[in-house]
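Dear colleague,

Here is the structure I said I would pass on. My notes on it follow below.

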Amino acid sequence: MPRIDRDGVGIYYEVHGDGPPLLLTHGYSSTSAMWHGQVDALARDHKLILWDMRGHGQSDYPDDPNAYSEVLTVGDMAAILDAVGARRAIIGGLSLGGYMSLAFYRAHPSRTRALLIIDTGPGFRKDDAREAWNARALATADKLDREGLDVLKAATRERATASHRNAKGLALAARGMLTQRDAKVMELLPEIAVPSLIVVGADDTPFLAASDYMAAKIPGAQKVVIPAAGHAVNIDQPKAFVDAVLPFLKNLPA
């Protein structure tokens, strides 16, 4: 199983198919396995790269709280692209993975061929809204510390079935990666200059307004709302998800 070493932290990734590179990042407390239902469709014409964020799945779970951050996550993504020989890639993800994809574009616009932003919010402009989000993230971390991985059993389907080695890494990831410090990603949206597709489940109420906002702010962005789907739109409606994504990928400029 391929891994990269990032200053002593092992990061797991897997590659399917060949063609233009497509890097997909999972949501918080999920893993790369959440995309396995789409491998056949997406890897037919692309080099599909999936990976586990630090503290998740088959990657390492460092004990140091400073080993978890947005900057390190974006660095992990770039290092994986280096490892597979991809100078540029279509960058996409769900929820936290979508946010990190936007953060990746901010750091590496020249390495981003297109963006695929799924059931995601771009952060918060107002401090009080960001503080409320962060309070929920910290409460999740505290609960994981108290109750362990059993916390996920009551979560959404893709999180309840995710396989993690321990809860401590997830708690540290909530504190270091799920919390937000500023509005820089949100302020970036009007400057995005690559084709962008925003996908959201019609029943993913907390992210509908955020999806509308991103579609309005990102120049030329396309948006697809998938009926009868919640936060894990690719798992709730796998065929509709693929039907939304494949035409976007097919029509990208060479």
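The chain has ten helices and eight strands, where helices (H or I, at least four residues) and strands (E, at least two) are DSSP runs numbered from the N terminus. Its radius of gyration is 17 Å, close to the 18 Å from the globule rule for 254 residues, so the chain is as compact as a globular protein of that length; the radius is taken over C-alpha atoms, and the rule is 2.2 Å times the number of residues to the power 0.38.

This is a predicted model: local features need pLDDT of at least 70, side-chain atom pairs count only at pLDDT 80 or more, and totals for chains, interfaces and linings use all residues. Residues are numbered from 1 along each chain as its sequence is written, and side-chain values use heavy atoms, with hydrogens and water left out.

Of the 254 residues, 56% are buried (under 20% relative accessible area; exposed is over 50%, partly exposed in between; 1.4 Å probe, protein chains only).

Searching the whole structure gives two aromatic pairs (Phe, Tyr and Trp rings, for Trp the six-membered one, with centres within 6.5 Å; planes under 30 degrees apart are stacked, over 60 edge-to-face, the rest tilted). The ring centres of W35 and F241 are 6.4 Å apart with planes at 35°, so this pair is tilted. W35 sits in the loop between strand 3 (21-25) and helix 1 (39-42) and F241 in helix 10 (residues 238-250), so the pair ties together parts 206 residues apart in sequence. W35 is buried, at 1% relative accessible area, and F241 is buried at 1%. F124 and W133 have ring centres 5.7 Å apart and planes at 45°, so that pair is tilted. F124 is partly exposed, at 22%.

Regards
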